[in-house]
Each structure stands twice: as C-alpha cells, then as structure tokens.
There are 2 protein chains.
Amino acid sequence: MLTLHYAAGTCALASHILLEQTGARYDAVRMDFASNAQRSPEFLRLNPKGRVPTLVTERGVLTETPAILLYLCQTFPQAGLAPLDDPFALAEAQAFNSYLCSTVHVAHAHGRRASRWADEPEAIAAMQKKMPQNMAECFELIEHQMFRGPWVMGEHYGLCDPYLFTIAGWLERDQVDIARFPKVAAHRERMRALPAVQKVMLDHA
Amino acid sequence: MLTLHYAAGTCALASHILLEQTGARYDAVRMDFASNAQRSPEFLRLNPKGRVPTLVTERGVLTETPAILLYLCQTFPQAGLAPLDDPFALAEAQAFNSYLCSTVHVAHAHGRRASRWADEPEAIAAMQKKMPQNMAECFELIEHQMFRGPWVMGEHYGLCDPYLFTIAGWLERDQVDIARFPKVAAHRERMRALPAVQKVMLDHA
C-alpha cells in the first residue's frame, strides 16, 4: 500500500489529490512543519531532503512532485490521468509541471523561504518584496500562453491540474489577485467542484 | 526532424548529449545569449519563456530539460536510455532530474541570475555570496545520498547522466571544488570519455 507524507499548505496537496483520484488504497500521514517534523532523524532517514511530498511504496521512497504525479499515472493507468501512449502529449504535460516546480514554486518560495538564498535580513526583505511581481509574471505566462482549458492540457483532466490548483491556491497569500487571470480562476472553481478535491482539502485544512 | 535550440554554457547541454545518444538525425541551432537572441520576437514566438533548451518537433515545440529528456527516451526506445517499462525506476530517475532542475539549477542561478529575485544591488550581492554554499550542500546530498554509481541510477547509463554532467560542469565557476565529491568527479571523467559527449562538447565550446 502507498503512504503519502504531507503537510498542510505545501505542494504535497497536488500528489494527495491525484492519489485520491487514482482510486488506490493509501494512507496519508500529516506532518507538522511548525514543529519542524520534517527535520526529525526518523523522517530524514525516509527522505534526506526533509521535504514533502514523500511517497512510500513497496519498492522504496519517491520524492519530487512531477515524479510522483507521473508515477501515479503510470501505476494506475485505468484512471486515465495522463496521455501515457503519446510521448509528445506527455512531454507537454511534463513541461508544464516542470515549469511549476522549477520556476513558479521557486518564485513563491522567495516569500517565506527567502533565507535559503541569502543570510542578510535586508536581502531577504528585498526578495520578499519582489516575489509578488514574479508570481504575477509566471501566471501571466500560464494564463495567456500555456493554459488550454477547460483543463490545463485541454479537454482531458490529468496530472497538471491538481498541481496548478495547488500553486494557484497560494496567490492570495502572495498578494496577487487571481481575478487578473480569469482562466486560472475558473480552473480553480472547476477543481473545487470535484469530490476528490473536496475530500482531500478537508485533510489539508 | 528534430531541431534543438541551445546556447553554450547552459543546461541545454544535457538535452544535446542525450539527443546525440539517441542516434536520431537532428539539427542543433546555437543561439548567442550575449546578444540576447533568446529575447528576439522570432524566438519568443517559438518559446514564450525565452529559454533553452527548446526542441522543435513535427508535432510542436517542447521545453524544460526533464520533459525533453524523457521525451527523447520514449521516442527512441531502442537507445535504451530510460527504464521505460518500470514506473518505479523511471520515477526515481525523474525525481533525480526534478531535484536538479528545481533545486540545484536554481541554487546555481542565484549567482549570475540573482536579479530575477531582487532588484537591490546589495540583495543581489548577498545571493551571489551564499550561492557556493548552497551548491556545495546540493552536491553533498547527491554524492552521499542520491548517486549510485557508476552511473547516476546504478548500472545503466540513462537520462540522469548528461544532466548531472551538465550541472557538475558549473562547479568550478561556482567556486566549489569538485574534488570534495569523488563520485561526482569520477562520473564527470566517465562522461568525458564517451564519444557522443566529446562530439557535442565541441559545439558548446
């Protein structure tokens, strides 16, 4: 059985939603980041990076959202969550998720986690100040160039949707008005209407 | 036919090496980042992100290193560059590449590209100052926790190897002594001995 380690307010929400949508049996273990549970020796033995999502499988541990999302799609193909027989379409979806992890999530992290990249308080404050502008630029690109609708990659719901939903959910906290991005805002409402999303959101409250 | 747009000194080297190793016919178009060719209207029509690697296929344009690497492996399965029939092993490889793009490449970018995340010269200098420490911490984790040897994922060469080779190639420039990481250093020598790597490196000189 699969066990997902997650924390509320993190990108683990994306993997949690997709896991629920595979229909598989799984355990979800909520971690308390406020008490730094992700730095405990027990958890670091599981995932030396000290991050979530961390997915424990019978074969071993998997990390990193884009890898976990594709793994779930491939392990439960009957759920139809990725274009597994079309390498080009799959690569388009992977490129979208890769942009989210390497650019958008990184832009967001310069808010609360700016101390990763500089020690001086003034530098941290400067990164925090610029963060909303960078998040808005990322979502301009998503809204006008990348999002197809009604789902991220077009007609078919899949592995990009819970990930965009997760990161778009950070916009208010990041001082960006989601109303500037009508397609992204409508996608969020579409996601919120899904029973699997409603069920998982209760665990992340 | 595939066309790869690349620039010297960038992560496009990873896709270039793997493309060469597929045995496919392709064109490689070198771009001049010094003249900001990646911001030209022509190139932005191809890739609105203004980045490389950008891979033009008969079906359309692909971006983002992890997506391009997997696409090449799936499109040329006879080259044996990924464990395509084993979702868990593939996810482990994807997790490695995802860590490179979202954490290690990002750490590196706080050197020359720190102005992405703050405007004040003092803040940019503070990020540049901390960058070598962050790069070293990333490579500690790779050396001691992630790298299996002789190739990244163990006995079989594949889609993680040219990507690690590319980013490890930035260590000297980032003021980190690769001798601190003997497995990574030996991997670099192993890579340099491959004919495909020697051929592609000439294009990136």
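In chain A, β1(A) and strand β3 (residues 54-56) run antiparallel to one another and are joined over three bridges. Here two strands are taken to pair if DSSP finds at least two bridges between them, and the helices (H or I, at least four residues) and strands (E, at least two) are DSSP runs numbered from the N terminus. The model is predicted, so local features need pLDDT of at least 70 and side-chain atom pairs count only at pLDDT 80 or more, while totals for chains, interfaces and linings use all residues. Residues are numbered from 1 along each chain as its sequence is written, and chains are lettered from A and ligands numbered from 1 in the order in which they are written.

In general, the strands of a sheet pair through backbone hydrogen bonds, in either the parallel or the antiparallel sense.

These pairings belong to an open sheet of four strands in chain A, ordered β2-β1-β3-β4 and mixed in its pairing. At the edges are β2 and β4 (61-63) of chain A, each of which pairs on one side only. From one strand to the next the twist averages 20 degrees, with axes taken as lines fitted to C-alpha atoms (for helices over the stretch in contact) and angles running from 0 to 180 degrees between N-to-C directions. Together, β1(A), α1(A) and β2(A) form a right-handed β-α-β unit; right-handed means that, with the strands pointing away from the viewer, the path from the first strand over the helix to the second runs clockwise.

Moving out to the whole chain, chain A is split into domain 1 (2-81 + 199-203) and domain 2 (87-194), with bounds that come from an automatic or database domain assignment. The C-alpha centres of domain 1 and domain 2 of chain A are 19 Å apart. Eleven residues from domain 1 of chain A and ten residues from domain 2 of chain A take part in the contact, where two residues count as touching if their C-beta atoms, placed from the backbone, lie within 7 Å. On the domain 1 side, α1 (12-22) and α3 (65-75) of chain A each contribute at least two residues. The largest share of that side, five residues, is supplied by α3(A). By class, the domain 1 side has ten nonpolar residues, one polar and no charged. For this count Ala, Val, Leu, Ile, Met, Phe, Trp, Tyr, Cys and Pro are nonpolar, Asp, Glu, Lys and Arg are charged, and the others, Gly among them, are polar.

The contact between the two chains brings together 39 residues of chain A and 38 residues of chain B. On the chain A side, two or more residues come from each of β4, α3, α4 (87-112) and α5 of chain A. The biggest contributor is α4(A), with 13 residues. The chain A side comprises 20 nonpolar, eleven polar and eight charged residues.

In chain B, helix α3 (residues 65-75) is mostly covered, with nine of its eleven residues buried. A residue is buried if 20 or more other C-beta atoms lie within 10 Å of its own, exposed if 12 or fewer, and partly exposed in between, with C-beta atoms placed from the backbone. The buried residues of α3(B) include B:Thr65, B:Ile68, B:Tyr71 and B:Cys73.

A few backbone details in the loops also deserve a look. A cis peptide bond links A:Gly149 to A:Pro150, with omega about 0 degrees, and A:Pro150 sits in the loop between α5 (121-146) and α6 (161-168) of chain A. In chain B, B:Gly149 and B:Pro150 are likewise joined by a cis peptide bond, with omega about -5 degrees. A:Gln175 is not a glycine, yet its phi is positive, about 65 degrees; A:Gln175 lies in the loop between α6 and α7 (182-192) of chain A. A:Gln175 is partly exposed, having 13 other C-beta atoms within 10 Å. B:Asn36, also not a glycine, has a positive phi of about 60 degrees and is placed in the loop between β2 (26-30) and α2 (41-46) of chain B. B:Asn36 counts as exposed, with 11 C-beta neighbours inside 10 Å.
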